[in-house]
Amino acid sequence: MSKVPEMFGSMVFNDKKMQERLPKSTYKALKRTVQNGEPLDLSVANVVANAMKDWAVEMGCTHYTHWFQPMTGVTAEKHDSFICPDGDQVIMEFSGKELIKGEPDASSFPSGGIRATFEARGYTTWDPTSPAFIRDATLYIPTAFCSYTGEVLDKKTPLLRSMERLSSEAVKVLQLLGKENVTRVTTTVGPEQEYFLIDKKMYDQRPDLIYTGRTLFGAKAPKGQELADHYFGSIKTRVAAYMKDLDEELWKLGVLAKTKHNEVAPSQHELAPIFSTSNIATDHNELCMEIMKKVAERHGLVCLLHEKPFAGVNGSGKHNNWSISTNTGENLLDPGKNPEDNLQFQLFLAAIVKAVDEYQDLLRITVASAGNDHRLGANEAPPAIISMYLGDDLGALVESIIEGKEYRSHDKAKMETGVDVLPDFRKDNSDRNRTSPFAFTGNKFEFRALGSSLNIACPNYMLNTMVAEELSQFYEAVKDAEDVEAALKALIKDTFTAHQRIIFNGDNYTDEWVEEAAKRGLCNYKSLPEAMAHYVDQKNIDLFVRNGIVSEAEIRARYEIELEHYAKQLNIEALTMLEMAKKNITPAVISFVRELAETVSLKKSVSASISTAAEESLLESLSEQLEAFVNKTSELESAVAEADKYSGDVLACATYFREKVFAKMEELRAVGDSMETETSANYWPYPSYGEMLFGV
Ligand code: ADP
Ligand code: MG
């Protein structure tokens, strides 16, 4: 294959190709749309569409698709060919109208009851800020998705709106501070993606992985992650080949894949890209997850993106590195050399602190999912309590502002390696605390509570909106002040003072923090239903409506969709467990028990003096457990059947699944896993944890 710089972006209709293929005036008009958000003319779209089509056809494409991100949690696409009849021949055509607007039937996408089926039509609209690309002989056009009546039905639209919103509020504030040249502000995101790779042959034998993405039964292997020998460990040949292939696929699509390494759990890995603008980072992360799965197939592997595929070892998350930068190239979250004199930085920091405190519930809600319920609060991921870590330097700065004392900067400590041939270097003062869900890491914040399969559009539009709201309040508060600087200083001091409780620099994994957080009045929502109940709190509805991100009806629809989805997922998990228990595990144990019983009587028939103690004790133990297992199976079955009672109320239904059905699933699993440890491997119907986790 060609060298990386040539390979990079070869499948993308990127800026370079646009410059080469578009007339100057068209290129300029498109640029104005992308950079300044100016509306796009149909005549411009016609020219762009034609150039895109010519390029795509040269690259072997026959089809195009509007690619969008509905509320299902996965991306969607409907393919149309470029063919157009011309006499008894066809020619390849693609109009501006087709580029700008698609009309997929939206009736089967979740809408949370927002649309009646007779209004089932939906629209996809081209997002010119994210470049089109080619996959599998198809031209992919990133789009936003809304209903016929205009309601937003996707994750992308609120993100784009929130970016606009944050930009206009930040620009106003910056102009107040004398930054006349700043006309636009963009949010940037670098999502670090964790995943598991297991052998496809094992996967194919596990209905739980196939139907639910996680193992519902499985006794722990003799070895887990206790030796910490997998994290950053040498990458196995087969995995290395996969990662190489993956990098190349991503580079061709213009994804800035940068870092790859083994993660903490056996078979767990991570890929981190170089950050980009939020909406492109979102599209690229969605693409990345899809390509990860596709490339795995070519290597006889399966890529698991579930948050908790295996009990007893770490699950997978996604760190959302987030910052704000100006069109003049300034990172607004860079404290600079003297943060104590940097009013602009302090102001943005104050806005973020206030936002995270006031909307901590929304940050928790946005990372809530059935999968992430297994991680948040367990000893591996950040807790379900949202707090912020600022590091020693910024922590001291905030304290000095609150107390009106002089700030003593910590000079970056020099790291003495003590070995002459190794260079000494400066220690990074931030990012010492890996347990915080929302940590300042030098020139950006890292939101660490995301689950691995989450679409990052949601946490990012929440973040952008929250911060836009605070900036707008700040602007209103000081815009008419006689002495703007003095007013800002007072505002910053008041804000830090009022929102100190959200800052926590200690270990987030301890029980003491849970108690302390409760004293501070911080939310601690342990599961999706608990968290989601607050989605529709008035203050949250007000936030989205006031900032024009989504309407009240759309929020309520999202609330319904999330809760319904959660209940459905748990229902599928429970049904899968029942099937595994009844069709495979129970019969397998019965067969093994029978062999034990036959052995006992056979031995006894040979001679009464031969010991049958071993078989008998195993026989007794397994028979007892089997009875419990069968009872627990029917208890789970009744619990699932009872869920029907709650069908009219999504919150009650999701809560029921979490509190009752899930509890029964855990009980059934405990007995199943215990039986696995005593049943002959020849009889056990499924590959073991050891085989799956150490089999690649
Ligand atoms: P780690 O968290 O593993 O220490 P790094 O600090 O190297 O990793 O960076 C993690 C991610 O943060 C990368 O994806 C990187 O591109 C991203 N990042 C760096 N600067 C910014 C920024 N200004 N805005 C958003 N993301 C950023
Ligand atoms: Mg990180």
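An oxygen atom of ligand 1 sits 2.5 Å from a polar backbone atom of Pro273. This is a distance in a predicted model. An N or O atom in the side chain of Glu192 is 3.2 Å from an oxygen atom of the ligand. For the side chain of Asn321, the corresponding distance is 3.3 Å. On its own, ligand 1 exposes 570 Å², and the protein buries 69% of that area.

Which elements give two or more residues to the shell around ligand 1? They are strand 9 and strand 14, the latter spanning residues 317–326. Strand 9 supplies the largest share, with 4 residues. The shell includes Thr188, Val189, Gly190 and Glu192. Pro273, Ile274 and Phe275 also belong to the shell. By type, the shell divides into 4 nonpolar, 5 polar and 3 charged residues.

Glu192 lies in strand 9 (residues 185–199) and Glu446 in strand 19 (residues 445–451), so the pair ties together parts that are 254 residues apart in sequence.

Are these two glutamates buried or exposed? Glu192 has 17% relative accessibility, so Glu192 counts as buried. The cut-off for buried is under 20%. Glu446 is at 4%, and therefore counts as buried too.

| Residue | Relative accessibility | Class |
|---|---|---|
| Thr157 | 14% | buried |
| Ile235 | 29% | partly exposed |
| Asn547 | 6% | buried |

Thr157 belongs to helix 6, which covers residues 156–176. The side chain of Thr157 makes a polar contact of 2.7 Å with the side chain of Asp154. Beyond its neighbours within four places in sequence, Thr157 touches Ala144, Phe145 and Val152.

Ile235 sits in a loop. That loop runs between helix 8 (207–212) and helix 9 (237–252). Why does Ile235 count as partly exposed? Its relative accessibility is 29%, so Ile235 falls in that class. Partly exposed means the range between the buried limit of 20% and the exposed limit of 50%. Setting aside neighbours within four places in sequence, Ile235 is in contact with Ala240, Met243, Lys260, His261 and Asn262. His261 is 26 residues away along the chain, yet the C-alpha atoms of Ile235 and His261 are 7.3 Å apart.

Asn547 also lies in a loop, here between helix 18 (538–546) and helix 19 (552–606). With a relative accessible area of 6%, Asn547 is buried. Where do its contacts lie, once neighbours within four places in sequence are left aside? Asn547 touches Arg165, Thr465, Ala468 and Glu469. Asn547 and Arg161 are 386 residues apart along the chain, and their C-alpha atoms are separated by 8.9 Å.

Terms used. Residues numbered from 1 in each chain as written. Chains lettered and ligands numbered in written order. Predicted model: local features only at pLDDT ≥ 70, side-chain atom pairs only at ≥ 80, totals over all residues. Heavy atoms only, no water. Buried < 20%, exposed > 50% of the residue type's maximum accessible area, 1.4 Å probe, protein only. Contact = heavy atoms within 4.5 Å. Near = heavy atom within 4 Å. Polar contact = N/O pair within 3.5 Å; in protein donor to acceptor, adjacent residues only side chain to side chain. Areas by Shrake-Rupley, 256 points an atom, 1.4 Å probe, with all protein chains shown as cover. Nonpolar A, V, L, I, M, F, W, Y, C, P; charged D, E, K, R; others polar.
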